[in-house]
Amino acid sequence: MLADILITRQVVFNGVVTGLTYGVLGVGLVLVYRSSRVINFAHGQMGAFAAAILALLVIRWDINFYLAFAAALAAGAALGAAVELSVVRRLFTSPRIVLFAATLGVAQLMLLFQFLLPDLHTNERFPTPLDARWRIGGLLIRSEHLMVLVVVPVITVALAWFLERSKQGTAIRAAADNPDAARLSAISVKTMSTLVWVLAGLLATVTAVLVAPFRGGTAVGIEALGPTLLLRALAAALVARMRSLPITIAAGTAIGVAEAAFFFNATDEPGLIDAALFVVVLAAVLLRTRQDSGIERESISFTPRFRPVPANIEHLWWVRRLPLLVVGAALALAAVLPMVVERPSRQYLYASMLLFAIVAMSLTLLTGWAGQLSLGQFAFVGLGAMLTTALVRGMHLEWLGVAVDIPVVSFEAAVLISTAVCIVAAMVVGIPALRVRGLFLAVTTLAFAVMAEGWLLDRPFLLGDSGIVLLPRARWGDSFSLESQRTYYYVCLGALAVCALVLRQIRCSGIGRSMRAVRDNEVNAAAFTVSPTRMKLTAFGVAGALAGLAGGLIAGLWVQFGPGAFDPDESLRVVAVAVIGGLSSAWGAVLGALWVIGLPALFEDAEEVQLLASGVGLLILLMYLPAGLVGVAYSLRDAVFSAVSRRRPPADTARGRTPIPARVVVERGQHLPDGVPALAVSDVTVSFGGVVAVNDASLEVGAGEVVGLIGTNGAGKSTMMNAIGGFIAARGRVELAGRDISRLAPHRRARLGLGRTFQTADLFPDLTVRDTIQVALEARSRAVLPATLLSLPSARRSERRKRAEADELIAFFGLGRYGDSFINELSTGTRRICELACLIALEAKLLCLDEPTAGVAQRETEAFAPLVQRIREELGASLLVIEHDMPFIMGISDRVYCLEAGSIIAEGPPDAVRNDPVVIASYLGTDERAIARSDARQRPEQA
């Protein structure tokens, strides 16, 4: 097959020139990423706006090209500074994925500004300083080719020199690599960020000026710097691991040559290069994440928190039923609307808004609750629409010489089949989410969106023989027709109501809590027996089902369409719908659809209004109203509730500690055979690159025993505990109650009774104390998706039982006043108590506590030690405890291990280890006061 590929010198030359433009665009992305750790989706459009100014000055006002180019550079630099000062700086401390979403809004805003420029839309060629052609050695070289060949290498060398040799470049690299150290060196990190964005604006301008002559050859071609072009630059940058400028240029060049070869040899398959790029991006992202070290990752929660109903009014009839009353009123209004507005075009518009709301609901689940940002959700809509149409007309498949004819099916059956296929497709696309999250997962989904429009949806078995598909409105049975726009609107309204009910069932169940737990803290979720893999794939599957259902219904609504109707820009518009409406609630998707889809309809769908509604709306909401439009509604609700609550007596929320629940005592007892330890660790070794963090370490924890693990910072204590929990790769053997768990994933170890806490006690910042404990209680009775969606009696009983058990544990640990408080609102000591409650909920056989008193005041530490002893005595738990507080660890431990440089240097009773000369030299030092302070005889119960 490779022998049939024809490549000429002209093809290679054209590919090199085009690839250099991809490379220089990728260089701009790398520059911003190295500085701000964000992928600037607006990079192309920032340059496009400045290039549009150049075109306007030269073509309409006859300004000299070089003067116009200087003006464009000034505009690009000003744009870069403006974006950094107004958007990046305001979101400087936000998760990088939020800032990335903001750049989507900036891109839309730049495109709007471009539309507002006078007399821009012209068919005249984009201006270049020269207008000539040369033939050299059989190659046709135009002036725009020459510009690229000269300018790109010069820019790359100059930029590399600036970053490596200049004082400002060194400061930029220092601020990017270690902001805290840079501040100590008197480097202003924010000033360096502004400088980087100015450079990015300049580079984007030069890139757009170079690219524009190749994007259609006309001045209007500069508008085409969208997702498809950006994906090529991203692929080049990812191959360079978002670091090396020369490798980015080389990778971009290679992509350009490959693309030219594809186009020259497969003119009937123009989308094949998009499929190949999807594979390249996927491979580059997965290979890049293999280099990531550590188990802590940034939380990427998009969802703002809303205050719970005040306790003293939550029993009121109208308060308990307020959501039902609001939803009922909204549905009644929606049902009456097509009877009042009888124009079919308006009814078509309303149906479109309902279907876009369903697609946005899929992002509410996937992004808002599961924390997985998708920029390719509309591709699943396209797959559902195209497949529905193909099934209704009958499909002919050919694969490896085997032909299969699929008979015609009814419209409703086709929609159901398409929905099922989209579930599988979404889960397949979601597989990278098992290792990739945040920015780079968004990039892979963008690559899927580009591939779907350019290649997947263009397959003959979906498209047929023509470039468009036609799906006449169907009939259901003999008496029910979907031809009327009003009737089809009601079908869409019913689908929306069902989808909203599905999301409500998930949100209020253990599945929804587990998804949000994985979103907030994947490592802690795994320690609580929650499988991140299961939760992520469930989120992708349900989101794919919603998008596929919406796609099948869109096919019936649109009637006639083609693959181009599902371009990546539509996926970005759906993101705007979801974020503007509010990612915390399914009904936020409806509000977002009213804003993004409905508002432009009032202005005859003017493109400028569409960009204003989506781009500006997205930016404003992310920067000033992160809760979205639904957050405004919640603010009004809270104002009313507060006013009513102030007029009523306060609720009695004071609760003392109650006896530990009897069923917990019964279930927690350990029954190990004689001689079998609760934990046995043999010859465990952990290496990070060439550094050995733990070296052939072995330890044991007997049944009902408390074992301390001490050592200096960096001795390998937490690494050892991470290896025991399965959170990092390690050699050696780990046995829990006599069972080898060395090859099990963290959540599977937790299900066998291995409980774990972490130094920071972060838990799940956006969950309440009650929700957090209920997540742990999933270990006893795990929610099942089908039963949850159907609201079966077993699922309802399980939810009531888990809430009752959570309330019992809250009362036992004296957390009654904090039950509805969010975790990150609690003091460190209270979070530690909540962690212990979760370990009891998990029915853990072995409790691994990593510095349980870190960040806790001395007074709270003194109260914490008796609580640990109480858990041990009443529940028969075994404990492995890392601690630097010597009185605490020596007071509660039966035996102590001391670690130095990853190796065990001492083991035995507290008194023996405290007086061991090696331990004194390594850890306690020779200060008599420090040694005396570690005296094991000062046990808490004796103090």
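This is a predicted model: local features need pLDDT of at least 70, side-chain atom pairs count only at pLDDT 80 or more; totals for chains, interfaces and linings use all residues.
Q: How are the rings of Phe 356 and Phe 378 arranged, stacked or edge-to-face?
A: Phe 356 and Phe 378 are stacked, with 5.4 Å centre to centre and 25° between the planes.

Q: And which parts does that pair tie together?
A: Phe 356 belongs to helix α14 (residues 344-369) and Phe 378 to helix α15 (residues 377-393), so the pair ties together parts that are 22 residues apart in sequence.

Q: Are those two buried or exposed?
A: Both Phe 356 and Phe 378 are buried.

Q: What about Phe 528 and Phe 764, stacked or edge-to-face?
A: The pair of Phe 528 and Phe 764 is edge-to-face, at 5.5 Å centre to centre and with 85° between the planes.

Q: Where do Phe 528 and Phe 764 lie?
A: Phe 528 is in the loop between α21 (522-527) and α22 (532-558), while Phe 764 is in the loop between β14 (754-756) and α30 (769-777), so this pair ties together parts that are 236 residues apart in sequence. Both Phe 528 and Phe 764 are buried.

Q: Back to Phe 356 for a moment: which residues are in a cluster with it?
A: Ring pairs link Phe 356 into a cluster with Phe 378, Trp 558, Phe 561 and Phe 566.

Q: New topic. Which residues touch the most other members of the largest nonpolar core?
A: That core has 266 residues, and Phe 100, Met 361, Leu 375, Ile 773 and Phe 813 touch the most other members. Helix α14 gives the most to this core, with 16 residues.

Q: What is Phe 100 in contact with, leaving aside its neighbours within four places in sequence?
A: Phe 100 is then in contact with Val 38, Ile 39, Phe 41, Leu 373, Leu 375, Leu 439 and Ala 442.

Q: Which residues are in the second core?
A: The second core is separate and has 25 residues, including Val 684, Leu 709, Met 721 and Ile 724.

Q: Now the surface. Which residues form the nonpolar patch there?
A: The patch is formed by Leu 130, Trp 134, Ile 136, Leu 146, Leu 149, Val 150 and Val 154, which together have about 580 Å² of accessible area.

Q: Which element gives the most to the nonpolar patch?
A: Helix α5 gives the most, with 4 residues. Both β1 (133-136) and α5 (143-165) supply at least two residues of the patch.

Q: Why does Leu 146 count as partly exposed?
A: Leu 146, which is found in helix α5, counts as partly exposed because its relative accessibility is 32%, and partly exposed lies between the cut-offs of under 20% for buried and over 50% for exposed.

How values were computed: Residues are numbered from 1 along each chain as its sequence is written. Side-chain values use heavy atoms; hydrogens and water are left out. Rings of Phe, Tyr and Trp (its six-membered ring) pair if their centres lie within 6.5 Å; planes under 30 degrees apart count as stacked, over 60 as edge-to-face and the rest as tilted. Buried means under 20% relative accessible area, exposed over 50%, partly exposed in between (1.4 Å probe, protein chains only). A nonpolar core is a set of buried Ala, Val, Leu, Ile, Met, Phe, Trp, Tyr and Cys residues joined through side-chain atoms within 4.5 Å. Contact means heavy atoms within 4.5 Å. Patches are made of residues with over 30% relative accessible area and no salt bridge: like charges are joined within 9 Å, nonpolar side chains (Val, Leu, Ile, Met, Phe, Trp, Tyr) within 5 Å. Accessible areas come from the Shrake-Rupley method with a 1.4 Å probe; for residues, only the protein chains shown count as cover. A salt bridge is a side-chain nitrogen of Lys or Arg within 4 Å of a carboxyl oxygen of Asp or Glu.
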